[in-house]
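This briefing covers side-chain packing and pairing in one chain.

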Amino acid sequence: MADVGFVADFSGALFWEEQRLLVVSDLHLEKGSSFASRGVLLPPYDTVATLSRLAAVIARHDPRQVIALGDSFHDREAHARLSEPDREALSALQLRRNWIWIAGNHDPALPANLGGVVATEVAIGPIVFRHEPTGASGEIAGHLHPKARVPTRGRSIERRCFASDGERAVMPAFGAYTGGLSIRDRAFARIFGSPVSWPTCWATTASTHSQRRGVIESLRHSPVRNCAPEGSRSESPESIEPHRSCMNGFRVRASHAPE
């Protein structure tokens with residue numbers, strides 16, 4: 001994208017090898033406890049699961065820098081609900097790494113005691129990282145939680161996915177309890193333009209190499225690749241129930257003084 005090569009990890013992370021930069025989006029830590037406070041009881045292990053997956057991706061790529069692309073916490077008080085073991089796990093992931101928290105609509109005011117730097121956006125060369133997509137060229141954003149449903153080997157598979165047209169990209173949500181918004185939704189048309197330039201989607205979380213290869217081939221040849229939005233109703237990612245299943249070269253725009 002914008003003449004920059006990225007590795008789209010099947011976990012839902014992006015890795016920029018030249019910069020040794022790992023990007024994840026929409027962790028939504030402590031979403032389970034947020035639901036519990038409203039009487040919706042879910043297994044309270046989403047933060048542990050998300051941090052464990054993040055630890056595995058970090059071990060795989062050994063990044064020097066990590067950008068969490070907004071909505072890292074599900075609500076303004078979520079960081080206060082982190083258990084001590086989860087805080088320690090997060091601190092261990094940050095050790096000897098440059099870490100940037102991009103402010104999101106769920107977590108616009110992150111405290112200083114989380115470690116790292118808080119910003120509204122980060123620019124490295126031609127690439128700009130921000131939470132909410134604007135459709136600008138060279139932009140990598142999150143917020144919309146893209147997902148795709150494609151036919152493969154006689155059945156249908158629905159997975160979180162990366163959405164990109166080669167000029168801009170929207171990343172999948174990384175969190176264990178995050179829902180998804182179909183790439184056929186009109187919200188993506190506002191970012192990628194007419195159906196002619198609709199995005200290529202790369203599915204995440206296939207469990208084996210053969211499944212991954214099959215999903216990729218299906219995505220390459222599926223109508224999902226160039227699709228018009230269906231219907232007029234755009235479902236907010238925040239309303240979707242959970243699935244069962246500064247640094248060298250950075251231009252950082254600060255969002256606020258850390259609390």
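**Side-chain packing and pairing**

Glu158 has a relative accessible area of 27% and is therefore partly exposed. The model in which this value was computed is a predicted one. Glu158 forms a salt bridge with Lys147, with 3.4 Å from N to O. Lys147, at 16% relative accessibility, counts as buried.

**Salt bridges**

- The pair of Glu158 and Lys147 links distant parts of the chain, 11 residues apart. Glu158 belongs to strand E11 (residues 155-164), and Lys147 belongs to strand E10 (residues 146-152).
- Glu139 and Arg130 form one of them through their side chains, at 2.5 Å from N to O. Glu139 has 1% relative accessibility and so counts as buried. Arg130 is also buried, because its relative accessible area is 16%, and the cut-off for buried is under 20%.
- Arg81 and Asp75 form another through their side chains, at 2.8 Å from N to O. Arg81 counts as partly exposed at 31% relative accessibility, whereas Asp75 counts as buried at 17%.
- In general, side chains of opposite charge can pair when their charged atoms come close.

**Nonpolar cores**

- The largest nonpolar core contains 23 residues. Leu22, Leu54, Phe73, Trp99 and Trp101 have the most contacts inside this core.
- At least two residues of this core come from each of the following elements: strand E3 (21-24), helix H2 (46-61), strand E4 (65-68), helix H3 (84-94) and strand E5 (98-102).
- Helix H2 gives the largest share of this core, with 4 residues.
- Another core, of 19 residues, lies apart from the largest one. Among its residues are Leu14, Trp16, Ile124 and Ala169.
- In soluble globular proteins, nonpolar side chains tend to be buried together.

**Surroundings of Trp101**

- Leaving aside residues up to four places away in sequence, Trp101 touches Ala68, Ser72, Phe73, Leu90, Gln94 and Leu110, among others.
- The list of residues touched by Trp101 also includes Leu114, Gly115, Val117, Val118 and Ala119.
- Both Phe73 and Trp101 are buried.

**Aromatic pairs**

- The number of aromatic pairs in the structure is 3.
- One of these pairs is Phe73 with Trp101, which is tilted, with 5.6 Å centre to centre and 45° between the planes.
- Phe73 is in the loop between E4 and H3 and Trp101 is in strand E5, so this pair ties together parts 28 residues apart in sequence.
- Phe73, Trp99 and Trp101 are linked into a cluster by ring pairs. These three residues are also among those with the most contacts inside the largest core.

**Charges over rings**

- Arg53 has its charged end over the ring of Phe174, at 4.1 Å from the ring centre.
- Over the face of Phe35 lies Arg38, 4.7 Å from the centre of the ring.

Notes:
Residues are numbered from 1 along each chain as its sequence is written. This is a predicted model: local features need pLDDT of at least 70, side-chain atom pairs count only at pLDDT 80 or more; totals for chains, interfaces and linings use all residues. Side-chain values use heavy atoms; hydrogens and water are left out. A nonpolar core is a set of buried Ala, Val, Leu, Ile, Met, Phe, Trp, Tyr and Cys residues joined through side-chain atoms within 4.5 Å. Buried means under 20% relative accessible area, exposed over 50%, partly exposed in between (1.4 Å probe, protein chains only). Contact means heavy atoms within 4.5 Å. A salt bridge is a side-chain nitrogen of Lys or Arg within 4 Å of a carboxyl oxygen of Asp or Glu. Rings of Phe, Tyr and Trp (its six-membered ring) pair if their centres lie within 6.5 Å; planes under 30 degrees apart count as stacked, over 60 as edge-to-face and the rest as tilted. A charge sits over a ring if NZ of Lys or CZ of Arg is within 6 Å of the ring centre and within 35 degrees of the ring normal.
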